[in-house]
Amino acid sequence: MDDIHGTVDAVYRAESRRVLATLIRLIGDFDLAEEAMHEAFRAAIEQWPRDGVPANPRAWLVSAARFKAIDRIRVRKRLSRLDDDLAEQLPAETEDLAAMLDVEFEDDRLRLIFTCCHPALPPEARIALTLREVCGLTTEEIARAFLSTPSTLAQRIVRAKNKIKVAGIPYVVPTREQLPERLDAVLRVVYLVFNEGYSASSGRSLTRHDLSAEAIRVGRLLVELLPEPEAMGLLALMLLQESRRAARTSPSGDLVLLDAQDRSLWNRPLIAEGIDLLQRTLATQQVGGYTLQAAIASVHAAAPTSAATNWAAMVGWYDVLLRLEPTPVVELNRAVAVAMRDGPAAGLALVDALLERGDLADYHLAHAARADLCRRLGRSAEARAAYERALSLTQLEPERRFLERRLAELSH
Amino acid sequence: MKYACLVYLTESEITALSQGEWDALNHECMAFGETRVGNVERLGSEALEPTHTATTVRVRHGRITTTDGPFAETKEQLAGFYAIEAKDLDEAISFASRIPPARYGTIEIRPLRTLVVEGNTR
């Protein structure tokens with residue numbers, strides 16, 4: 001009996017997202033699909049000990065859930081039209097079903113991602129829905145990750161599902177015409193989830209590993225199902241950033257900057273995978289923003305020490321990125337790379353010009369960068385003022401401790 | 001599914017166009033009226049006269065109040081609408097993106113609501 005429970009648990013972990021994605025297509029309703037799936041798993045716990053584990057558990061579950069859904073629809077006394085449609089769509093024999101489903105399962109997972117990230121849904125709802133439906137996180141887990149309450153999140157998800165139904169958001173992979181915009185929306189959700197896990201926007205802990213792991217999981221799935229260059233570029237970027245996780249915080253939870261990180265802690269297999277993926281992406285010659293950021297991350301990853309970093313190559317990638325995305329934040333990062341290539345004075349001139357334009361006046365990292373360059377030039381008073389300004393602009397505890405440490409070092 | 005595609009334009013931007021440019025945009029709309037978009041069925045469409053020709057009517061406590069102009073001061077004004085029948089929202093988006101004024105203003109897509117005896121959505 002324990003054995004069967006273990007088997008069902010394992011099948012749930014491995015298959016529940018696939019089963020759900022297919023059920024949503026067949027049933028056409030998120031909630032009903034979810035209820036039916038859970039009933040099917042309950043039926044499995046009852047029946048598998050008696051009848052044995054089916055040869056194709058996935059097909060068994062879809063078939064069982066489909067009957068449960070039809071029962072429910074009947075109970076709800078909703079007209080029989082939907083019934084008939086469903087009955088026609090699915091062959092009754094599990095054998096035929098298995099053959100049919102194997103082709104469709106992967107597409108259904110892709111459909112689910114595109115529906116959850118549809119640009120007609122509010123951005124926060126896209127994130128919540130993706131984590132809930134694609135990744136299978138509970139509402140409580142998502143609420144914890146985003147420092148929100150479960151009821152707020154539940155309401156957000158309910159509203160999103162309602163809009164999917166009422167506004168007719170389809171369960172399809174977009175047409176070629178709509179694919180670029182829609183893929184962009186999907187990648188943005190994935191990267192937001194990754195970043196929320198990699199550098200939490202507030203709170204005591206610097207990283208929330210689970211969210212990053214989920215983002216990478218969805219990233220891998222996307223690359224497997226739809227190997228578009230920017231999807232590959234984003235996965236490469238996430239892998240390269242993730243490779244530094246262990247080195248990014250000290251045992252006491254403090255922030256460790258790139259140049260001070262113990263590079264022996266970097267995850268080599270992730271770096272190798274990221275760089276391989278990046279090279280394949282660059283070879284497509286369709287280079288987008290995520291790919292360029294991955295290229296920048298790869299220059300760090302390839303350097304045995306901070307001093308040995310190829311800063312000329314780094315500035316080169318930033319130049320390309322700046323042409324594609326002319327934003328002040330990219331300019332700031334390029335200025336820091338220029339400082340490493342040409343010396344702190346050259347970098348400071350660029351940072352000051354940026355701050356003078358006012359775009360980054362309230363961005364703590366701009367002031368932290370200015371402070372660091374002033375410190376390296378021995379201009380302590382200016383460095384102090386800039387560190388203090390940066391400190392007043394960030395809420396994240398580890399970053400605050402880092403800035404306070406730098407300020408204390410200036411006093412010596 | 002049935003949708004309304006509501007066309008919003010900033011009237012001051014339209015008045016800033018030359019007569020030739022404005023006529024050209026209208027010719028585009030006339031040509032679009034003859035264009036098929038996927039399997040979208042057109043249920044009806046109209047262009048509206050500008051808001052300074054509008055009249056607003058309200059009934060409160062059984063009394064009719066009639067005033068000039070639109071009710072609220074907004075940046076963009078309703079300039080026309082299309083009612084369509086499309087397969088799903090993506091097809092409606094594909095239709096809306098081809099409405100010529102989409103290049104100037106915005107198109108709001110709204111599902112049409114069916115009135116029922118009870119349990120109406122809101």
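Tutor: Happy to! One cut-off first: two strands count as paired if DSSP finds at least two bridges between them. Please also keep in mind that this is a predicted model.

Let's begin with the sheet in chain B. Four strands make up an open sheet, and their order is β2-β5-β1-β6 of chain B, with antiparallel pairing. At the edges are β2 (41-47) and β6 of chain B, each of which pairs on one side only. From one strand to the next, the twist averages 20°.

Now zoom in on strand β1 of chain B, residues 2-9. On one side, β1(B) runs antiparallel to strand β5 (residues 77-85) of chain B, and eight bridges join the two. Because the cut-off is at least two bridges, the eight bridges between β1(B) and β5(B) count as a pairing. You can pick out one of the partners yourself: B:A4 has B:A83 as its bridge partner in β5(B). Strand β1(B) also pairs with β6 (residues 106-111) of chain B, again in the antiparallel sense, and here there are six bridges. In that pairing, B:Y3 stands opposite B:P111 of β6(B).

Helix α3 of chain B, residues 89-96, lies across β1, β5 and β6 of chain B. Relative to β6(B), α3(B) runs at about 150°.

Next, the neighbour. Chain A touches chain B through 10 residues, which are in contact with seven residues of chain B. On the chain A side, seven of the touching residues are nonpolar, two are polar and one is charged.

Chain A itself has 20 helices and zero strands. Its C-alpha atoms fill a box of roughly 80 × 40 × 40 Å along the principal axes. Of the 412 residues in chain A, 38% are buried. If you take the contacts in chain A between residues at least 6 apart in sequence, 59% of them join residues at least 24 apart.

One helix pair in chain A is worth a look with your viewer. Helices α17 (residues 344-357) and α18 (residues 364-376) of chain A pack with their axes 9 Å apart, at an angle of about 150°. That angle is why α17(A) and α18(A) are described as roughly antiparallel to each other. The crossing of α17(A) past α18(A) is left-handed. Residues of α17(A) in this contact include A:G347, A:L348 and A:V351, while α18(A) contributes A:A369, A:R370 and A:L373, among others. By class, the contact between α17(A) and α18(A) has nine nonpolar, one polar and two charged residues.

Leaving aside residues up to four places away in sequence, A:A160 touches A:L121, A:A125 and A:L129. For a sense of distance along chain A, A:A160 and A:L377 are 217 residues apart in sequence, and their C-alpha atoms are 53 Å apart in space.

How values were computed. Residues are numbered from 1 along each chain as its sequence is written. Chains are lettered from A and ligands numbered from 1 in the order in which they are written. This is a predicted model: local features need pLDDT of at least 70, side-chain atom pairs count only at pLDDT 80 or more; totals for chains, interfaces and linings use all residues. Axes are lines fitted to C-alpha atoms, for helices over the stretch in contact, and angles run from 0 to 180 degrees between N-to-C directions. Angles under 35 degrees count as roughly parallel, over 145 as roughly antiparallel, 65 to 115 as roughly perpendicular and the rest as oblique. A crossing is left-handed if the near helix is turned anticlockwise from the far one by less than a right angle, and right-handed if clockwise. Two residues are in contact if their C-beta atoms, placed from the backbone, lie within 7 Å. Ala, Val, Leu, Ile, Met, Phe, Trp, Tyr, Cys and Pro count as nonpolar, Asp, Glu, Lys and Arg as charged, and the others, Gly among them, as polar. A residue is buried if 20 or more other C-beta atoms lie within 10 Å of its own, exposed if 12 or fewer, and partly exposed in between; C-beta atoms are placed from the backbone.
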